[in-house]
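Trainee: I am new to this model. Could you take one spot and look at it closely with me, then show what lies elsewhere in the fold?

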Amino acid sequence: MRDCYCTVNLDQEEVFRTKIVEKSLCPFYGEDFYCEIPRSFRHLSFYIFDRDVFRRDSIIGKVAIQKEDLQSYHNRDTWFQLQHVDADSEVQGKVHLELRLSEVITDTGVVCHKLAARIFECQGLPIVNGQCDPYATVTLAGPFRQVVFLTSTLPGFQSEAKKTKVKKKTNNPHFDEVFYFEVTRPCSYSKKSHFDFEEEDVDKLEIRVDLWNASNLKFGDEFLGELRIPLKVLRHSSSYEAWYFLQPRDNGSKSLKPDDLGSLRLNVVYTEDHVFSSEYYSPLRDLLLKSADVEPVSASAAHILGEVCRDKQEAAIPLVRLLLHYGRVVPFISAIASAEVKRTQDPNTIFRGNSLTSKCIDETMKLAGMHYLHVTLKPTIEEICQSHKSCEIDPVKLKDGENLENNMESLRQYVDRIFTVITKSGVSCPTVMCDIFFSLREAAAKRFQDDLDVRYTAVSSFIFLRFFAPAILSPNLFQLTPHHTDPQTSRTLTLISKTIQTLGSLSKSKSFLDLISSSGRRDPKSIEQPILLKEGFMIKRAQGRKRFGMKNFKKRWFRLTNHEFTYQKSKGDQPLCSIPIENILAVERLEEESFRMKNMFQVIQPERALYIQANNCVEAKDWIDILTKVSQCNQKRLTVYHPSAYLNGHWLCCRASSDTAAGCTPCTGGLPANIQLDIDGDRETERIYSLFNLYMGKLEKMQEACGSKSVYDGPEQEEYSTFIIDDPQETYKTLKQVIAGVGTLEQEHAQYRRDKFKKTRYGSQEHPIGDKSFQNYIRQQSEISTHSI
């Protein structure tokens, strides 16, 4: 039996790790992970590890999906065979080089063909065992029949490897070194201006570049990747310069059977959108924003989106974010909830299905209620995780030495505490959630006037069953705990979650439900309470000290609220430093050259900048985004900054000697101050456009259904029965406007792709050689401003 966990990696950079499933050969994780991707990548990889308590965890196998293939697996469950993990195949990064071939006449009158290979730089090399000290080796190889290299003539040869200098502590090394190779063909001297190579020989000669990580370990240096470039690229020109993706080593080893390792079931949702400026989206956005005012609401553009999407959740996510951004989410949810209640026949089934209404409310609670969850549940959840008390009440699952009565008492105490903090938290419930609950309560009471409890069950089905209970069950998914809970704690939380679901439907919760679903419930003082936005370990550089050794960098627990940004030695300790939000003048990335460390950013204050290193690129982006947005309203925000650090008496970026010199680069700025946190309205409209475009066939089928209903009043055709169409004429009118708006945006995207095709060069830094063909890349990919998984 094995204790397995799975990691999610962008190339070789880990960005997420699942819980450990103990003693199982068929582990089930059931975890969702969502992130914005802040950089380019080639593979989305999943590694399965077997935990080892005494040694390094061993890798069982991996699944690696090329970026170009992600769309073929989009939003569908797929079983992938695990592949063996070979160190020689674990490569990432790209290399910039130049080849130049020239004629040289020696003193004896012999023509030498001299090849110059120039290695400029590399980018995005992997971090190996916490460090990267790369160097490159260059060799000339080929199976020539008669090729003289230096003084040797061989039927097939490989030159002695020439090596660059080792670049310490960087995965983006700048080498800029040139290596020369002499290739001579006897009796080849000619007065012709071109080189007298035979074509078949040129095709076989190649330059090989290998990247290595200089290691102090006894096992030798680690292989990072290689290039093999045939000299036929110089057939039409004496020089050739390009960027290349590093490739795995072709060592000729026999392939191992993948079925021996098992398989992994994944559901990957990958979206890649090019976002235009705001004016392009006005027609479609205006159509969506007025959805709440359309009568009936089933004829609105937002409701139609939910009808045509295969999964209601797929439509709800961008829709809620857009409407929440523009302050229209409550009217829309009230309208679709009222319509759904009117169609419900039994009060016991109210809001029980996965309808557009329930999915929209779920998404709204996730966005608007995360801080509320933290304030309400986090202290108690943390205590449960730290105490490790057993609450098992199943006699079959009791361990030796456990007492059933003691366990039941522990469970009762935990449930009482959590239920009490929930029912006393009504004044902290976000306004937008309270307004939605009020509309649910009113619609249910109006529809089922004889059932006095339906007004409570309509609200409890969301606040308890879909909000508090899932957060208790999986606290790490709601940032209530930084890591997965151990199996015993997980079992305790499962029992508490089930009990809370039951208690939520009883009369004990009625006063709480009344409070969160009526007006006049907010305590003004609650707004002034600090709200935890994000926390976690990162590495910081000591402020005001000179740069000597790693002692300058220390691991600290960082904590951000809507009032201040602090750090301390460990979680729960007294803060060592507190930065009021109003003192944050800018938050920007820090160039790697400053300290030769990845994923660094700077929090700029009036006196100095605080330099911080996050654990990975995704976490760095999350911190930069939320710090930028929470400080966006500061009146003294900077417009320019220094992208590099101030070291040894000057700024590394502009060489200015004064530590108070004005910045040399414009600030990225982030979103305007009045924009809802973490929401970009244009991007959400682009996502909705993509969904409409994807389901264009269903939109047209819905148009046919409207026409059929308008002229035929008999039994409904089966192919049209899946659509909710209350007013065929109004629905047809909206469909026509949606299709026209989508068509206009599609024309703009087509023109963008054509313009990009003209500007793109295969082998450029943005599109290195080594992936799929250039034509396939241009057809499937576009340079984008946002990525998401």
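Trainee: With which side chain does the side chain of glutamate 409 make a polar contact?

Mentor: The partner is arginine 412, and the two side chains meet at 2.6 Å. A polar contact here is an N or O pair within 3.5 Å, with one atom able to donate a hydrogen and the other to accept it; for residues adjacent in sequence, both must be side-chain atoms. Bear in mind that this is a predicted model, where local features need pLDDT of at least 70 and side-chain atom pairs pLDDT 80 or more, while totals for chains, interfaces and linings use all residues. Residues are numbered from 1 along each chain as its sequence is written, and side-chain values use heavy atoms, without hydrogens or water.

Now place the residue. Glutamate 409 belongs to helix α8, residues 404-423. Helices are DSSP runs of H or I with at least four residues, strands are E runs of at least two, and both are numbered from the N terminus. Glutamate 409 counts as partly exposed because its relative accessible area is 33%. Buried means under 20%, exposed over 50%, and partly exposed in between (1.4 Å probe, protein chains only). Look back along the chain to isoleucine 393, 16 residues away. The C-alpha atoms of glutamate 409 and isoleucine 393 are 9.9 Å apart.

Next, the rings. The structure has 23 aromatic pairs. Rings of Phe, Tyr and Trp (its six-membered ring) pair with centres within 6.5 Å; planes under 30 degrees apart are stacked, over 60 edge-to-face, the rest tilted. Tyrosine 372 and phenylalanine 467 are stacked, with centres 6.0 Å apart and 15° between the planes. Tyrosine 372 sits in helix α7 (370-387) and phenylalanine 467 in helix α10 (454-473), so this pair ties together parts 95 residues apart in sequence. Tyrosine 372 and phenylalanine 467 are both buried. Phenylalanine 464 and phenylalanine 512 are edge-to-face because their planes stand at 70°, with centres 5.9 Å apart. That pair also links distant parts of the chain, from helix α10 to helix α12 (510-516), 48 residues apart. Phenylalanine 464 and phenylalanine 512 are buried as well.

Arginine 42 lies over the face of phenylalanine 245, 4.2 Å from the ring centre. Lysine 555 lies over phenylalanine 537 at 5.0 Å. The rule asks for NZ of Lys or CZ of Arg within 6 Å of the ring centre and within 35 degrees of the ring normal.

Turn to the strands. Strands pair if DSSP finds at least two bridges between them. Strand β1 (4-10) is joined to β2 by 4 bridges. Threonine 7 stands opposite arginine 17 of β2.

Last stop: phenylalanine 558, in strand β20 (553-561). Phenylalanine 558 counts as buried because its relative accessibility is 0%. Glycine 536 is 22 residues away along the chain, yet the C-alpha atoms of glycine 536 and phenylalanine 558 are separated by 5.4 Å.
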